[in-house]
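Hello,

Here is the structure I promised to pass on. Please open it first, then read the notes below.

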Amino acid sequence: MEQALALAQQAASLGEVPVGAVAVKDGQVIGRGFNRREIDRNPFAHAELLALSEAAKAVEAWRLTGVTLYVTLEPCAMCAGAMVQGRVTRLVFGAADPKAGAVGSLYDLVQEPRHNHRVLVTGGVLAEQCGAILKEFFRSLRSRERSAGDK
């Protein structure tokens with residue numbers, strides 16, 4: 001999770017919403033990603049999808065069985081769906097996302113019994129640190145927006 005936090009910091013330094021993700025299999029990091037939606041001008045450039053894409057290339061398969069994905073923020077519906085479709089074994093996330101979280105907050109797509117695959121979930125890992133980076137990012141963003149409005 002600490003590596004995912006470092007990636008989230010990298011995203012923040014680039015003006016992206018600070019979310020980082022690391023995919024691990026057999027104790028080895030096989031995928032990394034941080035939010036790049038603004039940089040890439042791509043709605044799919046979420047940290048989780050980038051890490052999973054890199055992981056799939058590393059294992060040369062779309063089935064990510066045996067992969068644990070560490071992510072700093074509870075995944076959205078798109079990313080949770082990708083984990084189910086990619087057969088990710090386990091998800092470990094930091095901060096809950098009450099506005100868009102699809103792994104327990106708004107929905108629980110990774111545990112949906114109608115799906116043919118379910119993901120094991122551990123939430124709240126380093127939640128305080130993961131939440132703090134997000135709060136600081138949005139606090140700073142609001143401050144800049146207020147300052148720009150004053151001109």
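The model, which is predicted, holds an open sheet of five strands with mixed pairing. The strand order is S2-S1-S3-S4-S5. Which strands stand at the edges? They are S2 (28-34) and S5 (120-122). Each has a single partner strand, so one side of each is left without a neighbour in the sheet. From one strand to the next, the twist averages 20°.

Two pairings are worth a look. S1 and S2 run antiparallel and are joined by six bridges. Within this pair, Ala23 has Gly31 of S2 as its bridge partner. S3 and strand S4 (residues 90-95) run parallel, with five bridges between them. Here Thr68 stands opposite Arg90 in S4.

Stay with Thr68 for a moment. Thr68 sits in strand S3, residues 67-73. Is Thr68 buried or exposed? Its relative accessibility is 13%, so Thr68 counts as buried; the cut-off is under 20%. Beyond four places in sequence, Thr68 touches Val22, Ala23, Val24, Arg90 and Val92.

Helix H3 (residues 47-59) lies across strand S1 (20-25), S2 and S3. H3 runs at about 145° to S2. Look at Ala51, which is part of helix H3. Ala51 counts as buried because its relative accessibility is 0%. Which residues does Ala51 contact, leaving aside neighbours within four places in sequence? They are Ala21, Ala23, Gly31, Arg32, Gly33 and Leu69. Two of these names, Ala23 and Gly31, are the bridge partners mentioned above. Ala51 and Val24 are 27 residues apart along the chain, and 9.6 Å separates their C-alpha atoms.

Now the backbone. Most residues other than glycine have a negative phi.

- Asp26 takes a positive phi near 55°. Asp26 belongs to the hairpin of S1 and S2, which has two residues between the strands.
- Arg41 has a positive phi near 50°. Arg41 is in the loop between helix H2 (37-40) and H3. With 76% relative accessibility, Arg41 counts as exposed.
- Glu60 has a positive phi near 55°. Glu60 is in the loop between H3 and S3. Its relative accessible area is 75%, so Glu60 is exposed.

The largest pocket has a volume of about 550 Å³. It is lined by 21 residues. Which of them are closest to its centre? The answer is Val17, Leu73, Asp97, Leu134 and Phe138. Helix H5 (residues 127-149) gives the largest share of the lining, five residues. By type, the lining divides into 11 nonpolar, three polar and seven charged residues.

One is Ala51 in helix H3, with its contacts to residues including Ala23 and Leu69. The other is the centre of the largest pocket, with Asp97 and Phe138 among the closest residues.

Best wishes

Note on methods:
Residues numbered from 1 in each chain as written. Predicted model: local features only at pLDDT ≥ 70, side-chain atom pairs only at ≥ 80, totals over all residues. Heavy atoms only, no water. Helix = DSSP H or I, 4+ residues; strand = E, 2+ residues; numbered from the N terminus. Buried < 20%, exposed > 50% of the residue type's maximum accessible area, 1.4 Å probe, protein only. Contact = heavy atoms within 4.5 Å. Pairing = 2+ DSSP bridges. Axes fitted to C-alpha atoms, helices over the stretch in contact; angles between N-to-C directions. 1 Å grid on protein atoms, 1.4 Å probe; cavity = no way out; pocket = protein on both sides within 12 Å on 5 of 7 lines; lining within 4 Å. Points joined across faces, edges and corners; volume = space filled by probe spheres on them. Nonpolar A, V, L, I, M, F, W, Y, C, P; charged D, E, K, R; others polar.
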